[in-house]
Each structure stands twice: as structure tokens, then as C-alpha cells.
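User: Hi! Could you walk me through this model before I set anything up with it?

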Amino acid sequence: MNLRFIDWIWHVRGALPVPEGQSGGEALARLEPLFHQMGTSHMRGDDVLEFSKTDPASQDPMAVFDAGTLRIEQGQQGLLLRYRLKSKTLLFCLLAPLLFLAFAQLTIWSGAGEKPKDAAAQAKKAEKPDALPPMNPVDKFLGAPAPEKPKDGEGGGRRGRKPSPTPSYVFAGIFAVLYVVGRILEDRLVRRLFRKALAAE
Amino acid sequence: MIGADAPVTIGWENVSRVEGGPIRRFVFTWFQPFALFALLAFWYYAPNSIAKPSTAIGIGIGFKALLLGLEWVNPRFASWRLTWKEFTTDLFFVGLGYTILRLVDSYIGSDAVAKLILDHFHWEKLAWFTTLPLLVQAFLIAFMFDFVQYWMHRGMHNWYPLWLTHAPHHYITQLNINKGAVGNPVELFLIGLGVGGFFDFLPRAFLLAGVFGLTIGIYQHINVRFNTPRLWRFLFNTTEHHSLHHSQDYEATRSNYSGTFIFIDRMFGTCVDGEAELLGMEGGRRMSIREQMTFPFTEAWKAMREKLGRPVAAEPVSAVPAE
């Protein structure tokens, strides 16, 4: 399978014009400090810079990328910086919804297996008296609402509450949206970072 | 000696204050007490029709979104700014907590175990708790949970097998609102254990107890500069205390173990007042999600092999043990 058709999912590519009067070597020299970060190793040639990152710090402005190549090429209107950056985080974010959908399915299966037990528990519960404890006089005086017998699954306590698949669906949706946001945002941010570095005095 | 390994600030008089105009200073001085009392009043007087867990979940999400906004408006440190990657990673761990961990918890968590024991023995003698004033019940639930959490957390910093589960959480290099959820799932399960399940409380008391966590404990991991009032920081945990606990300085990490009530640390002599900006382990190496998941098991395997006398391939030390 040719990954070229889908690798845009976890790769960010782009090109920027090198400011007039700057040589390829100068442009790469200006970009090089971006790779002086913890967990980053890089190699610079005459017109190419390759880097890889292992566990970059959160404060690294390129922390989202694991590896990449920056190359100086001759364009029609002068020199161009062409880059190709790989991000496992973007790929992970795209796949995360599948994981949460699996959790949803697991929750449904576990709930289905519990139904007979719940019915038995409810029957047992029905035998218990319905009496509620008396309200404390302090709470009566302060005007707190009198307690009611909680309906099934609506108790304030955590005990006996059954997990629902809804949060898994919600998180699957959140990660799908986050992927789109991240793919656009990180593309723009890295472009701005390179442009600023090239233009820096 | 504290501060020997990495820079830390000790003493409230040395902690930076909120900068800006009088409105900004007022808001970031009184926001925390206001939120606490407002939410306590809400749950105390809310009609039964809305005093239910689904409302609490909604309020919790809304409050976190508000705090994310405050992180943007008044950050404590620029180096702790939330990035897309940090937000996504944090949210992944939050997601685990709301989904698979909740599922596991429902079968083997402390409440499930308590339910099993209570159902078996019919220990309804503890039902007198429900006759106490609501706020007392709420405080007792929150205190019991935090007291158990304090010792569990302190145990994690002092006993190697428990430390292995907790170490991944100490690889975070900045504090943000969802960072409390970041860690190995085994730890997240252990830290959620409590004894509250053995006692009967009114449902409303549980909702009120949740307010202590939502409006106090939550500030452990937040990138907001507050002028925290004196009484608040004497009684309650703050982001200042917790940043020291997460600092790159080894001695500083051995302080401030409680989640909500810092007076528990004061009781046992483990409280240190101050703050730190440089956080993490191994000089600030950020652990990947994959390593967070496998760390306790791979490190335990290495330790076992060492103990059994088989040589382990030379590798750099990946974590400073707690002892």
C-alpha cells in the first residue's frame, strides 16, 4: 500500500520562501537553534537539516513532531525552505476515537451481562423498608430541602451506579474534533515559527 | 536540603503576587473562596429535582472550562502554557477516567468492595451518620477520602512498588487543569480508593462533598496566579504547594501529599509553603503516553531481575526512586 495518499494524516508538509539575500546555509543556521532542545538530536548539511525527538519537554515549541527534514531548494522566484514533519501525536489523536468506541462497546457488553443480577438486586431492595432518616434540626432551620428517596441510578452516592457508554461516545467525538483542530493549528504554528526564525535579525 | 537539586521558592513572602489593576487583583484574590461558598450554597439549597449526579457532572465540566479560561487570562508561568499536544494528552487520561477506569472501578473499586461487604453483613449500624447536619456529613466524606489519599500518596513516595505506579505522574513538566488525571491507570485506581463507601450518607451530602474536590483540590494542578488568602492556604492545598511537590528538587517532592486539606500535611509535619516552576523528573524529560502505561511493569520487571541476580543490560537510570 502506498502511504503517500494517507500519510498527510500524521505528516505536516510545507514550503516557505527564504528571505532575499539569505543563502541556504544562512537560513538553516537561523533555524538551527529551534533544535537545541532537550531530547532533540539533529544533523545539518549544506542544504538539509534532519532532526528527531525523544520525549521532548512540553515547553519545546515543536514538541508535537517526532522527526522531520528541512531542505533548501531552488524555486522559481528564489530559494525555498521545504519541510516535512512527522507527528505520532496527530496519528494517535486520529485513532483515539476508535479506542473510546471500543470502551463504549465493552461497557455495553458488561452491562448486558449484569441485567439478571440487577433484577435480583431490585427485588431484594423492594423488601427493605422505605423509611428515610430524620432531617437534622440544623438543616431544617437553615431551610435545606427535605431528602427524598432517590430513584434507581439517581442516588448522590457513587455506590451502585452503573457505568454508561455515553462518556465513551463523547470522548470519541472530542478526539475526532481535536484531530481536525490540531492538524490545522500545528501546521500554522510551525509555519509561523519557521517564518519568524528566518526573519529574525 | 530542600532546593539542593533544582530552584524552588520557599515561604509565602517570596511567592509572586498577581500583577495588574485593582479589579484583576480583586478577582484573583477572592475567586477561590467565592466559588467554594457559591457551590456549597447551590448544593445545599438546590431542589431535589436538580440535586443529582448528572447536574454535578455538568457543573464540573463547566467549572473546568472556566478554569481553562483563567489559565489563558492570568497564567502563573508562561512556561506552563497549554499547547494542543498537552491538552490532547491530558484529555486522553481524563477520558480513561470517565470510561474504562469507571468500568473497572464499578467491579473492583472501593465502593464495589464496600457494597459487597455491607450487603453481606447488613452493617446498617453506621446509618446514624445520615442524621448529622449535611455540611458535617459532606466534610466527613471529603476528609475521610483525603486522609486515606494522604497516606496512600505518602506510601507511594516511600515504598518502591507503589512508587512505580505513581512515578509517571511526576514526569509532567507543567501544571494545567487536567494534569491531575495524567498518570498510570493503576495509580489512578489506587488514589481513588477510600473508606467512604462503608458509611451511609445522604445523597446530597455526597454532592456537597464533591464541592470540596471541585473547588479546592482542583487547584493542585492549575496554571493560574492567585493571591490566595492566608486562611485558605493554611487550611487547603494550593497550586503553590503542589508545584513544590512536583518540582525537580527531590527533597521538595517529599512534601504536601494531601489532595484537598493541606492541614493534614501540617498535622503530620510534611507541609512546605512555597512554589516551583521547574517540574518533573530526570531534568524535565516528558514521558510519552506509551511509557506512562508500561512504566510500572517494565521497571518492576527490571527490579525483579536485579533482585534475582540476573544482570540487566546497562541502561541509563530512568527514575529516581523514592527512597
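**Talking through the model**

Analyst: Happy to. To begin with one residue: leaving aside neighbours within four places in sequence, B:Ala181 is in contact with B:Asp90, B:Phe93, B:Val94 and B:Gly97, where contact means that the C-beta atoms, placed from the backbone, lie within 7 Å. This is a predicted model, in which local features need pLDDT of at least 70, side-chain atom pairs count only at pLDDT 80 or more, and totals for chains, interfaces and linings use all residues. Residues are numbered from 1 along each chain as its sequence is written, while chains are lettered from A and ligands numbered from 1 in the order in which they are written.

User: Where is B:Ala181 found in chain B?

Analyst: B:Ala181 is in the loop between α7 (160-166) and α8 (185-191) of chain B. Helices (H or I, at least four residues) and strands (E, at least two) are DSSP runs, numbered from the N terminus.

User: What are the ipTM and pTM scores?

Analyst: The model has ipTM 0.86 and pTM 0.87. Mean pLDDT, the predictor's confidence in each residue from 0 to 100, is 89 for chain B, where 88% of residues reach 70 or more. For chain A the mean pLDDT is 86, and 83% of residues reach 70 or more.

User: Where does pLDDT stay under 50 in chain A?

Analyst: Over residues 153-158 of chain A, for which the model has 16 contacts beyond four places in sequence. Where pLDDT is low, the predicted coordinates should not be read in detail.

User: Noted. How many helices and strands does chain B have?

Analyst: Chain B has 14 helices and two strands. Of its 323 residues, 43% are buried.

User: What about helix α9 of chain B: how many of its residues are buried?

Analyst: 11 of the 13 residues of α9(B) are buried, so the helix is largely enclosed by the rest of the structure. Its buried residues, including B:Phe206, B:Leu207 and B:Leu208, pack against α1 (22-45), α2 (53-73) and α6 (134-156) of chain B.

User: What span should that helix have at 1.5 Å a residue?

Analyst: The 13 residues of α9 (residues 203-215) of chain B should span 18 Å, and the end C-alpha atoms are 19 Å apart, which agrees. The expected span is 1.5 Å times one less than the number of residues in the helix.

User: Over to chain A. What pattern does chain A follow along the sequence?

Analyst: Chain A reads β-α-β-β-β-β-α-α-α, with four helices and five strands. Strands β2 (residues 40-44) and β3 (residues 48-53) of chain A run antiparallel, joined by five bridges; strands count as paired if DSSP finds at least two bridges between them. β2(A) and β3(A) form a hairpin with three residues between them, and A:Thr40 has A:Lys53 as its bridge partner in β3(A).

User: Which residues of chain A does UniProt annotate as "transmembrane region"?

Analyst: The unreviewed UniProt entry gives that annotation to residues 89-109 and 168-185 of chain A. UniProt positions are in the numbering used here, feature names are shortened, and annotations may be inferred rather than shown by experiment. In the model, residues 89-109 of chain A are 100% helix and 0% strand, with end C-alpha atoms 30 Å apart. Residues 168-185 of chain A are also 100% helix and 0% strand, with end C-alpha atoms 25 Å apart.

User: Last one, on backbone angles: what is phi of B:Asn256 near?

Analyst: It is near 55 degrees, a positive value in a residue other than glycine. Most residues other than glycine have a negative phi. B:Asn256 lies in the loop between α12 (250-253) and α13 (263-268) of chain B, and counts as buried because it has 27 C-beta neighbours inside 10 Å.

Note on methods: Contact = placed C-beta atoms within 7 Å. Buried ≥ 20, exposed ≤ 12 C-beta atoms within 10 Å, placed from the backbone.
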